[in-house]
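The following paragraphs lead the reader through one protein model, from a single residue to the overall fold. Please keep the sequence and the structure in view while reading.

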Amino acid sequence: MKYMLMIQASQADYDAMNGKDSGKTPWTEGDLKAMFQFMENLNNDLAENGEMIDGQGLSEPAQARVVTPGKDGVPVVADGPYGETKEVLCGYWLLDCASLDRATEIAERILQCPVPEGEENGPVTIRSIPDNPPCEV
C-alpha cells in the first residue's frame, strides 16, 4: 500500500532555520547538520529496504503561490506567506509500505528528528493512496 507522510512548518520555523529573528529558537549550524544527517539516514534506510518512492523538503511559504478561483472565472494569484495560515506543508515522503502500522512506525521515527532545545517536531500526517479512485463514476 502506498502512503504519503507529511510534515508541516510555519514561515517562522523557516526563518529560525535561516538565522532570522522569528520568535522561535534559532537553529545553530550544529542543529542543521544534525537534522540533515538524520533525514539522510532515514531516507537511505527507506530506500535500501524498498519503501521509498520519493521524498522532498519544500521551499519556505514566502516562496509559495496560491491560485484560487476569482469572480467571473478569472483566477486570483497570491504570493506567500499567508497571514491566515499558521503552518503549511514543508516536506513529504511517498512510501510503499506493508501496512498502516509500518507507515506509523516511520512517522514515529520522523518525530525523533533533532531540533533545537526547547522546540518540538510538528505532527506527521499519514494519508493512504488508494490503488483505485476514492469515488466511482
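P130 is partly exposed, with a relative accessible area of 44%; buried means under 20% relative accessible area, exposed over 50%, and partly exposed in between (1.4 Å probe, protein chains only). P130 lies in the segment that comes after strand 6 (124-129). Although P130 and K2 are 128 residues apart along the chain, a distance of 7.2 Å separates their C-alpha atoms.

Some conventions apply throughout. This is a predicted model, in which local features need pLDDT of at least 70 and side-chain atom pairs count only at pLDDT 80 or more, while totals for chains, interfaces and linings use all residues. Residues are numbered from 1 along each chain as its sequence is written, and side-chain values use heavy atoms, with hydrogens and water left out.

The secondary structure of the protein consists of three helices and six strands; helices (H or I, at least four residues) and strands (E, at least two) are DSSP runs, numbered from the N terminus. The order of these elements from the N terminus is β-α-α-β-β-β-β-α-β. The C-alpha trace spans about 50 × 50 × 20 Å along its principal axes. Of the 137 residues of the protein, 27% count as buried. Among contacts (heavy atoms within 4.5 Å) between residues at least 6 apart in sequence, 72% join residues at least 24 apart.

Which residues touch the most other members of the largest nonpolar core? This core has 22 residues, and those in question are L5, M39, L42, W93, L95, I106 and I110. A nonpolar core is a set of buried Ala, Val, Leu, Ile, Met, Phe, Trp, Tyr and Cys residues joined through side-chain atoms within 4.5 Å. At least two residues of the core come from each of strand 1 (2-9), helix 1 (11-17), helix 2 (29-48), strand 5 (88-96) and helix 3 (100-110). Helix 2 gives the most, with five residues. Leaving aside neighbours within four places in sequence, L5 is in contact with residues including W93, L95, I106 and I110, and its other partners include V124, T125 and I126.

Two packed helices are described by the angle between their axes and the distance between the axes. For helix 2 and helix 3, the angle is about 160° and the axes are 11 Å apart. Helix 2 is therefore roughly antiparallel to helix 3, a term for angles over 145 degrees. Helix 2 contributes F38, N41, L42, D45 and L46 to the contact, and helix 3 contributes R102, I106, R109 and I110. By class, this contact has five nonpolar, one polar and three charged residues.

M52 is located in strand 2 (residues 52-57). With a relative accessibility of 22%, M52 counts as partly exposed. Residues up to four places away in sequence not being counted, M52 touches N43, L46, A47, W93, L94 and L95. W93 is 41 residues from M52 along the chain, and their C-alpha atoms are separated by 7.4 Å.

Finally, D72 occupies the loop between strand 3 (65-68) and strand 4 (76-79). Is D72 buried or exposed? At 80% relative accessibility, D72 counts as exposed. Most residues other than glycine have a negative phi. The phi of D72, a residue other than glycine, is positive, near 60°.

Conventions
Axes are lines fitted to C-alpha atoms, for helices over the stretch in contact, and angles run from 0 to 180 degrees between N-to-C directions. Angles under 35 degrees count as roughly parallel, over 145 as roughly antiparallel, 65 to 115 as roughly perpendicular and the rest as oblique. Ala, Val, Leu, Ile, Met, Phe, Trp, Tyr, Cys and Pro count as nonpolar, Asp, Glu, Lys and Arg as charged, and the others, Gly among them, as polar.
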